[in-house]
Amino acid sequence: MTFRARHLLGIEHLSPDEIRAVLDLAERYVDLNRRTVKHGDALEGLTQINMFFEVSTRTQASFELAGKRLGADVMNMSVATSSVRKGETLIDTALSLNAMHPDLLVVRHPSSGAVHLLAQKVQDCAVLNAGDGRHEHPTQALLDALTIRRAKGRLHRLTVAICGDIAHSRVARSNLLLLARMENRVRLIGPPTLMPAGVGDFGCEVTDDMAEGLRDADVVMMLRLQRERMDGGFIPSEREYYHRYGLDAAKLAAARPDAIVMHPGPMNRGVEIDGTLADDINRSVIQDQVEMGVAVRMACMDLLARNLRAERGAKAAGVMA
Ligand code: NCD
C-alpha cells in the first residue's frame, strides 16, 4: 500500500506517492458522485464524528456528504451546543470521544496544533485535520491539486500564483507544501503586511506586485482576507486592496491565456476577486473545486479506514498468537 498515513494532519507528512494515491482514488469517486445512485460501502459500519470548533459551511457539508456516500454513520458535533462552550478542555473532549468509539474524527479548530494534540489523545481512531488555525488544511490542498490536475492535465512544472492574505492562510500553507512537493513553481503575491514572517526562506518567489507575480502563471489562486485572524490594520481599505490586489480580467491578462482561476471560498466579491470573473466558466474552476472536495474527502477517509482496519486486524492477530 502506498498510502501509509495513520491520520491526515497535514500535507507536511505526505509523500508524493501518497498524494498521488489520494488523487487517483478521488478520480474514481468523482465518477461515482456523478451517477444517479451514489452509494459506496468503503465506510460501511464505521462511525464518523465531525467536530467543528470554528464555523464552516462548505467544508463540514463536504465531509458529511463524503461520509454518507460511503456508508458511514455520520454525526456532527456542534460546538455551539457542546460542553466546549462550558469550558471543557480539549483533553476532556478527547476522553469523552474515546468512550463513543468513533473510527474517523474530522476536526476543525481555531488554534494551530490543536488537531495534532487531539490526535495524540484519541485512541484507535483516524483523525483528519479540516483546518487548524493558520497552520494546515490538507484536504483543501488535495482538492485544489485534483482540480489543477484535471484542468491542466498534469500536476508538475506549473507556475502557480497564490495571491492575497498569505500570512493568515492555512490554505496557502498546505498548497505551498503540496505544490512544492510535486515540483511546481510557486509565487506568493500580496502586500508585505499580509506575508508571514520568514517568507524569504520558503523557497518560492515573493512579490507585492500583481503584474509581476501573475506573469505567465498557469494557475491563479486567490485567498480570502481573513478578517477574523487580523487584529489591527493590515490593509488601508478594502477599496484600496481591491485596486491593487483584487483579481479582475485586466490583471489576469498578465497570466497565460489558458490560466485557471481558483478560490477556496467563501469569496468576498469585489474585495479579492471580481464577481463576473469568479462566475466565468471559461476561466474560473471555483465550482469544480467544490465538486472535487467531496471526492477527495471520500478518498482520504477510504484510505485512512483501510489502514485502520489493517492495524486492528494485525492487533487482533497479535492477541490470538
Ligand atoms: C478556507 C478555510 O476555512 O481555511 N475555507 C474553506 O475551507 N472552505 C479558506 C477561508 O476561510 O478563507
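Which helices each supply at least two residues of the shell around the ligand? Work through the exercises to find out.

The model is predicted: local features need pLDDT of at least 70, side-chain atom pairs count only at pLDDT 80 or more, and totals for chains, interfaces and linings use all residues. Residues are numbered from 1 along each chain as its sequence is written, and side-chain values use heavy atoms, with hydrogens and water left out.

**Exercise 1. Describe the shell around the ligand.**

Step 1. Find the helices (DSSP runs of H or I, at least four residues, numbered from the N terminus; strands are runs of E, at least two). Helix 2 and helix 6 each supply at least two residues of this shell.

Step 2. Sort by class. Ala, Val, Leu, Ile, Met, Phe, Trp, Tyr, Cys and Pro are nonpolar; Asp, Glu, Lys and Arg are charged; the others, Gly among them, are polar. The shell has three nonpolar, five polar and four charged residues.

**Exercise 2. Find polar side-chain atoms that lie 2.7 Å from a ligand oxygen.**

Step 1. Look for polar contacts (pairs of N or O atoms within 3.5 Å). His-137 has a polar side-chain atom 2.7 Å from an oxygen atom of the ligand. Arg-170 places one at 2.7 Å from a ligand oxygen. For Gln-226 the distance to a ligand oxygen is also 2.7 Å.

Step 2. Check the cover. Alone, the ligand exposes 320 Å², and the protein buries 94% of that. These areas come from the Shrake-Rupley method with a 1.4 Å probe.

**Exercise 3. Describe the pocket that holds the ligand.**

Step 1. Apply the rule. On a 1 Å grid over the protein atoms alone, a pocket is an open set of points where a 1.4 Å probe fits, with protein on both sides within 12 Å along at least five of seven lines; lining residues have an atom within 4 Å of a point.

Step 2. The ligand sits in the largest pocket, as more than half of its atoms lie within 2 Å of the grid points.

Step 3. Give the volume, the space filled by probe spheres set on the points. The largest pocket has about 350 Å³.

Step 4. List the lining. There are 18 residues, and Arg-108, Arg-170, Arg-224, Gly-265 and Pro-266 lie nearest the centre. Four lining residues are nonpolar, seven polar and seven charged.

**Exercise 4. Describe the lining of the second largest pocket.**

Step 1. The second largest pocket is lined by 13 residues. Helix 6 gives the largest share, five residues.

Step 2. Ten lining residues are nonpolar, one is polar and two are charged.

**Exercise 5. Find the cis peptide bond.**

Solution. The bond joins Gly-265 and Pro-266, with omega about -5°. Pro-266 is in the loop between strand 9 (260-262) and helix 10 (275-278). Most peptide bonds are trans.

Note on methods: Near = heavy atom within 4 Å. Polar contact = N/O pair within 3.5 Å; in protein donor to acceptor, adjacent residues only side chain to side chain.
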